[in-house]
Amino acid sequence: MSNNESDKPQAAPQSPPPSAPVPTSGREEKKSGWERDVLEKLALFAVKEQRARRRWGIFFRISILVVIVLGAWMAFTYGRTESEPLGTHTALVEIKGTIESEGQGSAGVVIPALDKAFAATDSVGVILKINSPGGSPVQAGMINDEITRLRKAYPKKPIYVVVEEVCASGGYYIAAAADKIFVNKASLIGSVGVLMDGFGFTGLMDKLGVERRLLTAGENKSFMDPFSPQSPKQREYAQSMLDEIHQQFIEVVRQGRGTRLKETPDTFSGLVWTGSKAVELGLADGYGTVDSVARDVIKAEDVVDYTQTENLSERVLKKFGVAFGAGFAKTMMSSAPPQLR
């Protein structure tokens with residue numbers, strides 16, 4: 001190498017150019033935006049869920065408070081009259097519908113109302129308004145016995161029965177204990193008889209090839225079982241029970257009506273009569289309504305209702321058909337007890 005070449009100045013090393021920013025792909029930007037949207041939606045959903053939970057919590061608290069207040073109010077007012085009378089009045093107790101162990105026609109509802117009506121110091125007489133086709137002889141007998149007791153305990157306070165549409169069988173069993181019975185000319189009165197009804201499925205089971213498997217300890221434990229044949233002995237026994245209860249019914253009517261009753265061969269046959277015919281036969285005493293009896297017979301025109309009303313739970317159960325469903329199942333699965341109907 002020559003000196004001329006070695007004497008040439010050396011070029012300074014150039015630094016590498018600064019690196020340009022790496023461009024972000026569109027896919028990564030889209031991915032980042034999607035994640036942000038998801039997070040925002042989750043956060044918004046959580047806020048809405050929290051608010052909804054808070055609102056439902058307030059709603060349930062208010063509902064519970066309303067139920068408690070309503071229950072306390074009903075417990076306080078259950079069985080009370082709408083207003084406390086300031087003077088003499090006629091006490092009213094109503095029996096409506098079937099007479100049975102549950103509901104408005106039960107002894108547990110009617111008897112306390114009668115007790116309050118008689119015990120009220122300002123009541124000068126009691127009207128028992130009946131609109132019933134009948135029902136349980138046990139419940140009817142209990143109410144009849146209580147009316148008899150109250151008449152002895154309050155000899156100066158009469159009790160009159162007023163019939164609207166129908167007062168038959170168990171309803172008349174109760175009415176017979178009153179001092180007098182007032183009806184409408186077209187009312188249906190009587191039906192002094194007893195029945196026991198049910199179903200027998202043995203023929204249907206034979207056609208379907210269904211075998212009844214029933215084990216009992218006791219010769220008559222399957223008495224009136226709807227899925228087993230009815231033996232003549234059991235039928236005879238059932239008839240004897242009905243005859244006994246029928247005789248009890250007859251004695252109650254005879255004792256209650258006394259010499260007013262004009263017996264005929266059909267009086268205790270289970271027939272139903274119109275109100276006008278019932279007056280003729282001595283099954284009723286005359287015509288009247290609640291207002292006319294209070295005004296013209298008891299001489300106390302102001303009427304105060306002592307009838308006890310159903311509580312909230314009973315109304316709710318009936319509204320949803322629980323009582324109907326239970327009654328239907330009972331009817332389908334077993335024979336009904338004797339009925340004054």
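A strand here is a DSSP run of E residues, at least two long, and strands are numbered from the N terminus. By that count, Ser123 sits in strand 2 of this predicted model.

**Strand 2 and its partners**

Strand 2 covers residues 123-132. Eight of its 10 residues are buried, so the rest of the structure largely encloses this strand. Strand 1 (residues 89-96) and strand 2 run parallel and are joined by eight bridges. Strand 3 (residues 159-168) also runs parallel to strand 2, through six bridges. Lys96 stands opposite Asn131 of strand 2. Lys129 stands opposite Val162 of strand 3.

Strand 1, helix 3 and strand 2 form a right-handed β-α-β unit. Strand 2, helix 4 and strand 3 form a right-handed β-α-β unit as well.

**Ser123**

Is Ser123 buried or exposed? Its relative accessibility is 2%, under the 20% cut-off, so Ser123 counts as buried. Beyond its neighbours within four places in sequence, Ser123 touches His89, Ala91, Ala117, Phe118 and Lys157. Its side chain makes polar contacts with Ala117 and Lys157.

| From | To | Distance |
|---|---|---|
| Ser123 side chain, polar atom | Ala117 backbone oxygen | 2.8 Å |
| Ser123 side chain | Lys157 side chain | 3.0 Å |
| Ser136 side-chain oxygen | Val138 backbone nitrogen | within 3.2 Å |

**Helix 4**

Helix 4 spans residues 137-153. It has 17 residues and reaches 24 Å from first to last C-alpha, close to the expected 24 Å. Which of its residues are buried? They are Pro137, Gln139, Ala140, Gly141, Ile143, Asn144, Glu146, Ile147 and Leu150. An α-helix has 3.6 residues a turn, so residues three or four places apart point the same way. The cover over the buried residues of helix 4 includes helix 3, strand 2, strand 3, helix 5 (170-175) and helix 7 (232-257).

**Nonpolar cores**

In soluble globular proteins, nonpolar side chains tend to be buried together. The largest nonpolar core in this model holds 47 residues. Leu114, Leu128, Tyr172 and Ile174 have the most contacts inside it. Helix 3 (residues 107-119) gives the most to this core, with seven residues. A second, separate core has 10 residues, among them Ile127, Tyr160, Val162 and Ile298.

What does Ile174 contact, leaving aside its neighbours within four places in sequence? Ile174 meets Ile95, Ile99, Leu128, Ile130, Ala140, Ile143, Asn144 and Ile147. Of these, Ala140, Ile143, Asn144 and Ile147 are among the buried residues of helix 4.

Methods: Residues numbered from 1 in each chain as written. Predicted model: local features only at pLDDT ≥ 70, side-chain atom pairs only at ≥ 80, totals over all residues. Heavy atoms only, no water. Core = buried A, V, L, I, M, F, W, Y, C linked by side-chain atoms within 4.5 Å. Buried < 20%, exposed > 50% of the residue type's maximum accessible area, 1.4 Å probe, protein only. Helix = DSSP H or I, 4+ residues; strand = E, 2+ residues; numbered from the N terminus. Contact = heavy atoms within 4.5 Å. Pairing = 2+ DSSP bridges. Right-handed = clockwise from strand over helix to strand, strands pointing away. Expected span 1.5 Å × (residues − 1). Polar contact = N/O pair within 3.5 Å; in protein donor to acceptor, adjacent residues only side chain to side chain.
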